[in-house]
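Q: I am new to this structure and should like to learn how to read its features. Where might we begin?

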Amino acid sequence: QVLALTLTPLDDTPLPRWNPGAHLDVHLPSGLIRQYSLCGDPGRRDEYRIAVRHSPEGAGGSVEVHGLSTGRLVEVSDPRNAFMMPLPGSASRASKLHFIAGGIGITPILSMVRLAEQQGTPWTLHYTGRHRDALAFVDELAPYGEKVHVRTDDEHGMPSAAALLDGVDPTTAVYVCGPPPMVDAVLRAIPRDSGIEVHSERFSAAPVVDGRPFELELARCGTVVGVGANRSALAALRNAVPSVAYSCQQGYC
């Protein structure tokens with residue numbers, strides 16, 4: 001289940017501007033800080049919209065968000081952008097855009113699609129997930145017609161990178177967001193010398209590659225935690241101290 005939340009300021013002060021691809025730090029009542037992509041209209045200075053998938057197996061952020069009541073006060077950061085979308089003719093050499101979204105990865109892509117449409121830039125979107133009921137904002141995308149290709153695992157099987165990149169050529173800028181296996185498969189399928197411009201964002205930690213085992217010593221208690229070659233320091237630390245605070249796992253928070 002995906003919950004869309006509209007956040008409005010306490011007074012009439014216009015909210016800071018943002019560009020498609022931006023996200024907010026949301027300070028939850030429990031003290032957790034989580035990052036959520038903005039998926040509303042960048043032109044609106046009176047509200048921010050985010051969408052959060054309910055993940056009971058997660059570390060509590062999505063569960064807590066889904067428990068927020070209307071009118072609840074939450075603190076958020078100014079928008080930040082690590083997934084900027086330069087339009088063709090500006091910082092981009094491309095003449096058309098191709099978006100690939102997996103599951104909740106549609107959230108930053110949604111505002112990009114709207115901007116491309118407003119600017120008259122040619123674009124296509126491949127939107128994939130396990131089944132149609134799990135895909136958010138399908139109704140909002142329906143008016144774009146054949147520009148949007150929805151493919152679900154239960155109807156079409158797991159999509160290949162080649163299928164997700166259908167129609168892409170050196171004149172295309174690719175924007176991909178979603179589960180790490182999908183993002184990694186798409187990036188591997190685009191040769192470095194292809195001339196294709198690629199922008200990506202993942203919603204969970206990147207896999208550890210060519211790691212080496214090491215040890216962490218916790219300064220306050222002296223406990224030594226072993227970190228395996230295929231694990232992150234945070235993963236090992238969470239095993240030893242389940243209550244440890246952490247945030248996006250991307251490395252830029």
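A: Let us begin with a pocket. In this predicted model, strand β1 gives four residues to the lining of the second largest pocket, the largest share of that lining.

Q: Which elements each supply at least two residues of the lining of the second largest pocket?
A: They are β1, residues 2–7, and β5, residues 75–76.

Q: How many residues line the second largest pocket, and which lie nearest its centre?
A: The lining holds 24 residues. Those nearest the centre are Thr6, Leu7, Thr8, Arg72 and Val74. The space within this pocket is about 590 Å³.

Q: How does the lining of the second largest pocket divide by class?
A: One sorts the lining residues into nonpolar, polar and charged. Here the second largest pocket has 14 nonpolar, seven polar and three charged residues in its lining.

Q: Which residues line the largest cavity, and of what class are they?
A: The lining consists of Leu5, Leu7, Val26, Leu28, Ile50, Val65, Leu68 and Val74. By class, these are eight nonpolar residues, with no polar and no charged ones. Leu7 and Val74 line the largest cavity and are also among the residues nearest the centre of the second largest pocket.

Q: How is the protein chain as a whole built?
A: One may count its elements and then consider its overall dimensions. The protein chain has seven helices and 13 strands. Its radius of gyration is 20 Å, close to the 18 Å that the globule rule gives for 253 residues, so the chain is as compact as a globular protein of that length. Along the principal axes, the C-alpha trace spans about 60 × 50 × 40 Å.

Q: What share of the residues is buried, and what share of the contacts joins residues 24 or more positions apart?
A: Of the 253 residues in the protein chain, 41% are buried. Among contacts with a separation of 6 or more, 64% are between residues 24 or more positions apart.

Q: How should the confidence of the model be read?
A: Where pLDDT is low, the predicted coordinates should not be read in detail. In this protein chain the average pLDDT is 89, and 92% of the residues score at least 70.

How values were computed. Residues are numbered from 1 along each chain as its sequence is written. This is a predicted model: local features need pLDDT of at least 70, side-chain atom pairs count only at pLDDT 80 or more; totals for chains, interfaces and linings use all residues. Side-chain values use heavy atoms; hydrogens and water are left out. On a 1 Å grid over the protein atoms alone, a cavity is a set of points where a 1.4 Å probe fits but cannot get out, and a pocket is an open set with protein on both sides within 12 Å along at least five of seven lines; lining residues have an atom within 4 Å of a point. Grid points are joined across faces, edges and corners, and a volume is the space filled by probe spheres set on the points. pLDDT is the predictor's confidence in each residue, from 0 to 100. The radius of gyration is taken over C-alpha atoms; the globule rule is 2.2 Å times the number of residues to the power 0.38. Buried means under 20% relative accessible area, exposed over 50%, partly exposed in between (1.4 Å probe, protein chains only). Contact means heavy atoms within 4.5 Å.
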